[in-house]
Amino acid sequence: MTLHITEFEGGSALSDFRVQQLLPRLQAIHDRISGLSARFVHLGAWEQAPSPAERERLASLLTYGDPYEGAAGGELVVVTPRLGTVSPWASKATDIAHNCGLAVKRVERIVEYRVQLQGGLLSG
């Protein structure tokens with residue numbers, strides 16, 4: 001069986017307050033780190049390709065929190081649940097999608113961190 005994976009952009013994964021807490025700690029590790037941002041990305045796994053209406057309904061369920069306004073550039077670090085596991089978030093989100101009549105097999109959330117470096121990754 002082939003799964004059809006659809007991607008849905010999410011909102012900001014870090015508040016300004018949390019960035020202000022994390023950034024000095026990261027800069028203490030490496031002084032070239034100049035910025036940090038993160039956003040949620042949601043993945044839907046379907047047994048059959050979803051219709052536009054199904055995609056729109058799931059997208060509306062996955063719209064929450066503050067919109068992402070962070071950097072589009074910088075070094076990308078992707079954090080996902082361990083392979084072969086179902087996160088508690090995914091379990092609950094999938095249940096909610098099923099209760100809304102969606103035939104999605106699983107909904108999962110990942111976090112994309114963007115780390116801005118002074119001078120880029122390979123300089124210095």
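Analyst: The protein chain has 3 helices and 4 strands, and from the N terminus on they follow the order β-α-β-α-β-α-β. Helices (H or I, at least four residues) and strands (E, at least two) are DSSP runs, numbered from the N terminus. This is a predicted model, in which local features need pLDDT of at least 70 and side-chain atom pairs count only at pLDDT 80 or more, while totals for chains, interfaces and linings use all residues. Residues are numbered from 1 along each chain as its sequence is written, and side-chain values use heavy atoms, with hydrogens and water left out.

Before the close look, here is the overall setting. The C-alpha trace of the protein chain spans about 50 × 30 × 25 Å along its principal axes. Of its 124 residues, 31% count as buried; buried means under 20% relative accessible area, exposed means over 50%, and partly exposed lies in between (1.4 Å probe, protein chains only). Among contacts (heavy atoms within 4.5 Å) with a separation of 6 or more, 82% are between residues 24 or more positions apart.

Let us now look at strand 2, residues 33–46. The 4 strands form an open sheet in the order 1-2-4-3, with antiparallel pairing; two strands pair if DSSP finds at least two bridges between them. The edges of the sheet are strand 1 (4–12) and strand 3 (75–79), each of which pairs on one side only. From one strand to the next, the twist averages 30°. Axes here are lines fitted to C-alpha atoms, for helices over the stretch in contact, and angles run from 0 to 180 degrees between N-to-C directions.

With strand 1, strand 2 pairs in the antiparallel sense over 7 bridges. Along this pairing, H4 stands opposite W46, and F8 stands opposite H42. With strand 4, strand 2 also runs antiparallel, and 13 bridges join the two. H42 turns up again here, as its bridge partner in strand 4 is R109.

Helix 3 (residues 88–99) packs on the sheet and touches both strand 2 and strand 4 (104–117), its direction making about 130° with that of strand 4. P88 has its place in helix 3 and counts as exposed because its relative accessibility is 71%. The C-alpha atoms of P88 and E108 are separated by 9.6 Å, although the two residues are 20 residues apart along the chain.

How covered is strand 2 itself? Of its 14 residues, 12 are buried, so the strand is mostly covered under the cut-off for burial. In a regular strand, side chains alternate between the two faces of the sheet.

One is R39, which is buried because its relative accessible area is 14%. Its side chain makes a polar contact with the side chain of E9 at 3.3 Å. A polar contact is a pair of N or O atoms within 3.5 Å; within protein, one must be able to donate a hydrogen and the other to accept it, and residues adjacent in sequence count only if both atoms are side-chain atoms. Not counting residues up to four places away in sequence, R39 touches E7, E9, G11, S12, A13, Y68, I110, V111 and E112.

The other is F40, also in strand 2. A search of the whole structure finds 1 aromatic pair, and F40 forms it with Y64: the pair is tilted, at 6.2 Å centre to centre and 40° between the planes. Rings of Phe, Tyr and Trp (its six-membered ring) pair if their centres lie within 6.5 Å, and planes under 30 degrees apart count as stacked, over 60 as edge-to-face and the rest as tilted. The pair links distant parts of the chain, as Y64 is in the loop between helix 2 (52–61) and strand 3, 24 residues from F40. F40 counts as buried because its relative accessibility is 13%, whereas Y64, at 29%, counts as partly exposed. R109 lies over the face of F40, at 4.2 Å from the ring centre. A charge sits over a ring if NZ of Lys or CZ of Arg is within 6 Å of the ring centre and within 35 degrees of the ring normal.
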